[in-house]
Amino acid sequence: MGISLPLLDSPRPAAAPKPAWLKVRAPGGPNYIRLKGLMRQWNLHSVCEEAHCPNIGECWEDSTATFMILGDICTRNCGYCAVAHGKPAWEDREEPERVGNAVRELGLEHVVITSVNRDDLADGGARVFAATVLAIRREAPACRVELLIPDFQGQAGALQTVIDAGPDILNHNTETVPRLYKLARHGGRYERTLDLFRRARRSAPGLLTKSGIILGLGEEREELVETMGDLREADVNILTLGQYLRPSAQHLPVARYYTPEEFAELGEAGRAMGFAHVESGPLVRSSYHAKRQVPVQTTEGNRWGGLGEERRSLPPRTDLDLKDGGSQASEGNRWGGLGEERRSLPPRT
């Protein structure tokens, strides 16, 4: 007869409950269902799904999405990212054309194109990025194109291939402070990230640049502010700040949750540094409200807010720009703070 042995109750630290401000409604509206069906029909991937973005319901209901090219398997295994990693086998020569057709069919005014890291490819996928930009220009010439690119392992030629394709915004996420790169960004290098922006500015002085940082991986405030300062010194124009949410138990734990008030304060700190626009909030992701983040011209001619370098001019403002109740901060033509609606800009011509 077996003997029943008592089990030791090994105490485990309870995970901190998710704050109320991070809770969102489950997606499922008609536009969400329609867009999900179209993505399957066109055999396309979105970072919205692959990265478990909490804003997928809101964005897809607004008929906006971030397309993820070059497959759905990443060659890197970052400690915060939900995208699957491994050895990619994806090669789809028709993908750029399908993305262009999808952008046209959806009638998008602003599209974000990103990818997994493809360190297995000689150019990191740069030529596919360029082909996708050209396909969108051909199929939907009025749509602004934002590229959220990997670092291409520091290859200057690959970066130049992307810049030569003529995107409206070049985005590369910094993700975290330099001290945490070895822990969180396997394969990434902080100095390589900064150098990408320096190279882009030298190559295309009028190109809008953008980067994002996720908060809650264990960074100190002083480190975070210093990282923001490094990006500004590299002449990054647009900055996004959002809360890290642990995708699974196999990913890095959340070190802390920032309050909406802390995000608002950090947003103000970023604007004081000279960023033309800072999108800062718990649920902010790099592509969240992307079409509202393009900064306006200042009154000093065709210059963006910030350090004052020359930028490509945008179409002049019209009364329709305020049709959605958008507001503009009164000082320096900068956008308002956390959660305010931004003015819609006229379509790219």
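Which elements cover the buried residues of α8? Those elements include α6 (156-164), β5 (169-171), α7 (181-184), β6 (208-215) and α9 (221-233). The model is predicted, so local features need pLDDT of at least 70 and side-chain atom pairs count only at pLDDT 80 or more, whereas totals for chains, interfaces and linings use all residues. Residues are numbered from 1 along each chain as its sequence is written, and side-chain values use heavy atoms, with hydrogens and water left out.

Figure 1. Helix α8 comprises residues 190-203; helices (H or I, at least four residues) and strands (E, at least two) are DSSP runs numbered from the N terminus. Its 14 residues should span 20 Å at 1.5 Å a residue, and the end C-alpha atoms are 20 Å apart, which agrees; the expected span is 1.5 Å times one less than the number of residues. Tyr-190, Thr-193, Leu-194, Leu-196, Phe-197, Ala-200 and Arg-201 are the buried residues of α8. They lie on the same side of α8, because they cover an arc of only 145 degrees around the axis, taken from the directions from the helix axis to the C-beta atoms. Buried denotes under 20% relative accessible area, exposed over 50%, and partly exposed in between (1.4 Å probe, protein chains only).

**Figure 2. Thr-209 in strand β6.** Thr-209 is located in strand β6 and counts as buried, at 1% relative accessibility. Apart from neighbours within four places in sequence, its contacts (heavy atoms within 4.5 Å) include Phe-197 and Arg-201. Leu-170, Asp-235, Val-236, Asn-237 and Ile-238 are also in contact with Thr-209.

**Figure 3. Aromatic pairs.** The structure holds three aromatic pairs, defined for rings of Phe, Tyr and Trp (its six-membered ring) by centres within 6.5 Å; planes under 30 degrees apart count as stacked, over 60 as edge-to-face and the rest as tilted. Among them, Tyr-181 and Tyr-190 form an edge-to-face pair, because their ring centres are 5.6 Å apart and their planes are at 80 degrees. Both Tyr-181 and Tyr-190 are buried. The pair of Tyr-258 and Phe-263 is tilted, with centres 5.9 Å apart and planes at 55 degrees. Tyr-258 is buried at a relative accessible area of 5%, and Phe-263 is buried at 0%.

**Figure 4. Strands β7 and β8.** Strand β7 (residues 238-243) pairs with β8 in the parallel sense over four bridges; pairing requires at least two DSSP bridges between the strands. Leu-241 has Ser-280 of β8 as its bridge partner. In β8 (residues 277-280), His-277 and Glu-279 point one way, Val-278 and Ser-280 point the other way, and all are buried.
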